[in-house]
Amino acid sequence: MRWLRYLSVMLLVCMALAVCAQTDEAPQKRLKVGLVLGGGGAKGAAEVGALKVIEEAGIPIDYIAGTSIGSIVGGLYSMGYRADALDSLFCSQEWLSLLADRDNNLSSEPITERDGVTYIFGFPVSRKGSKKADSSFGAVRGDNIMDLFQRLTLVRDSINFNQLPIPFRCVAADIKSWSEVVLDRGNLPRAMRASMAIPGVFKPVRMGKQVLVDGGLLNNLPVDVVRKMGADVVIAIDLTQDKPGERNFSLKELTGIGGAIDWVVSRPDVKKYHENRAATDLYINPDLGRFGVTSFSRESIIQMIRLGERDARTHMKALLDLKRRIGM
């Protein structure tokens with residue numbers, strides 16, 4: 001019966017080898033990476049510079065969440081735009097005309113009226129009697145920026161943002177209920193426009209019963225949002241320069257465009273902001289010095305892109321360590 005014992009041993013060996021081979025061939029599960037892009041107006045150019053370094057490090061991005069300018073950068077990135085394309089986009093825009101709804105065809109006309117809209121050197125100053133009249137609070141309708149978003153995304157229908165090349169969320173705030181709204185479906189350009197609607201500067205965006213404005217009012221660094229999407233590790237790019245404390249704003253301070261911008265930039269939801277900062281695995285916070293939310297000159301944009309890239313490059317070792325950690 002020695003041959004039977006020999007056969008049994010050989011069968012056991014073959015079975016063990018087969019199990020080992022299957023184990024070796026089984027792919028290891030890679031950790032999912034979430035990218036968070038904070039708000040900060042023109043300072044969003046620095047996010048583009050930081051993305052160049054993240055790409056250079058070879059970090060895959062599985063989920064994106066953004067607020068305000070971060071929703072614009074994030075929305076385009078989720079569509080397939082990469083850092084070099086976003087660099088060109090930021091540097092090539094006439095931001096004053098874009099953000100102020102200027103009609104460049106009328107830029108040489110001191111005062112003119114067309115279709116019920118009164119323009120001064122191309123800037124709309126009155127819409128009385130126009131079909132575009134809007135009584136909601138805010139100086140700018142945002143028609144030009146919406147046109148840009150629609151051209152860039154080629155998306156006009158309602159979609160589920162999970163269906164984008166990289167699943168995406170953007171954060172807005174409903175001023176009727178004073179609550180955070182995480183947009184995960186709908187018209188992508190409209191969602192991006194809602195997330196950047198600084199109160200008093202841009203007209204709010206109405207979606208159903210909600211009246212949506214800039215998400216920076218309630219959640220300017222939405223790490224919690226990307227965690228809920230399924231991110232195991234999070235890279236956050238924060239544009240905040242002076243970290244907010246427990247500051248109370250008076251009604252007088254909030255009156256007018258300047259006050260509205262201060263409110264958004266100063267992160268009134270301080271507790272959530274600090275919790276989200278602490279919940280990152282890699283935190284990138286470029287030092288943007290003298291630049292602010294309205295630093296939209298081409299020279300300033302170029303410099304902020306460089307500053308974002310330079311700061312992110314100081315994290316290269318951490319990025320490469322993160323790459324190994326996630327299983328790349």
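Mentor: Helices here are DSSP runs of H or I with at least four residues, strands are E runs of at least two, and both are numbered from the N terminus. On that basis the protein chain of this predicted model has 13 helices and 13 strands.

Trainee: What makes H3 largely enclosed by the rest of the structure?

Mentor: A residue is buried when its relative accessible area is under 20%, exposed when over 50% and partly exposed in between, with a 1.4 Å probe and protein chains only. In H3 (residues 69-79), 10 of the 11 residues are buried, so the helix is largely enclosed; among them are Ile-69, Ile-72, Leu-76 and Tyr-77. Helix H2 (residues 45-57) is mostly covered too, with 11 of its 13 residues buried, including Val-48, Leu-51 and Ile-54. Across the 328 residues of the protein chain, 51% are buried.

Trainee: Why is Lys-209 called exposed?

Mentor: Its relative accessible area is 76%, which lies over the cut-off of 50%, and therefore Lys-209 counts as exposed. Lys-209 sits in the loop between strand E10 (205-207) and strand E11 (210-214), and its C-alpha atom is 8.8 Å from that of Lys-176, 33 residues apart along the chain.

Trainee: Why are H4 and H12 called roughly antiparallel?

Mentor: Angles run from 0 to 180 degrees between the N-to-C directions of axes fitted to C-alpha atoms, for helices over the stretch in contact; under 35 degrees is roughly parallel, over 145 roughly antiparallel, 65 to 115 roughly perpendicular and the rest oblique. The axes of H4 (residues 83-92) and H12 (residues 298-313) come within 8 Å and cross at roughly 155°, and H4 and H12 are therefore roughly antiparallel.

Trainee: Which residues make that contact, and how do they divide by class?

Mentor: With contact meaning heavy atoms within 4.5 Å, Asp-87, Phe-90 and Cys-91 of H4 meet Arg-298, Ile-301, Ile-302 and Ile-305 of H12. Ala, Val, Leu, Ile, Met, Phe, Trp, Tyr, Cys and Pro count as nonpolar, Asp, Glu, Lys and Arg as charged, and the others, Gly among them, as polar, and the residues of this contact divide into five nonpolar, no polar and two charged.

Trainee: What makes H3 roughly antiparallel to H7?

Mentor: H3 and H7 (residues 188-195) pack at about 160°, with their axes 9 Å apart, and that angle makes the two roughly antiparallel. Their contact has five nonpolar, three polar and no charged residues, including Ile-72 and Met-79 from H3 and Leu-188 and Met-192 from H7.

Trainee: What makes a space count as a cavity, and how many are found?

Mentor: On a 1 Å grid over the protein atoms alone, a cavity is a set of points where a 1.4 Å probe fits but cannot get out. The whole structure has one cavity of 30 Å³ or more, and the largest cavity holds about 50 Å³, a volume being the space filled by probe spheres set on the points. Its lining (residues with an atom within 4 Å of a point) comprises 11 residues, of which Leu-218, Asn-219, Asn-220, Asp-269 and Tyr-273 lie nearest its centre.

Terms used:
Residues are numbered from 1 along each chain as its sequence is written. This is a predicted model: local features need pLDDT of at least 70, side-chain atom pairs count only at pLDDT 80 or more; totals for chains, interfaces and linings use all residues. Side-chain values use heavy atoms; hydrogens and water are left out. On a 1 Å grid over the protein atoms alone, a cavity is a set of points where a 1.4 Å probe fits but cannot get out, and a pocket is an open set with protein on both sides within 12 Å along at least five of seven lines; lining residues have an atom within 4 Å of a point.
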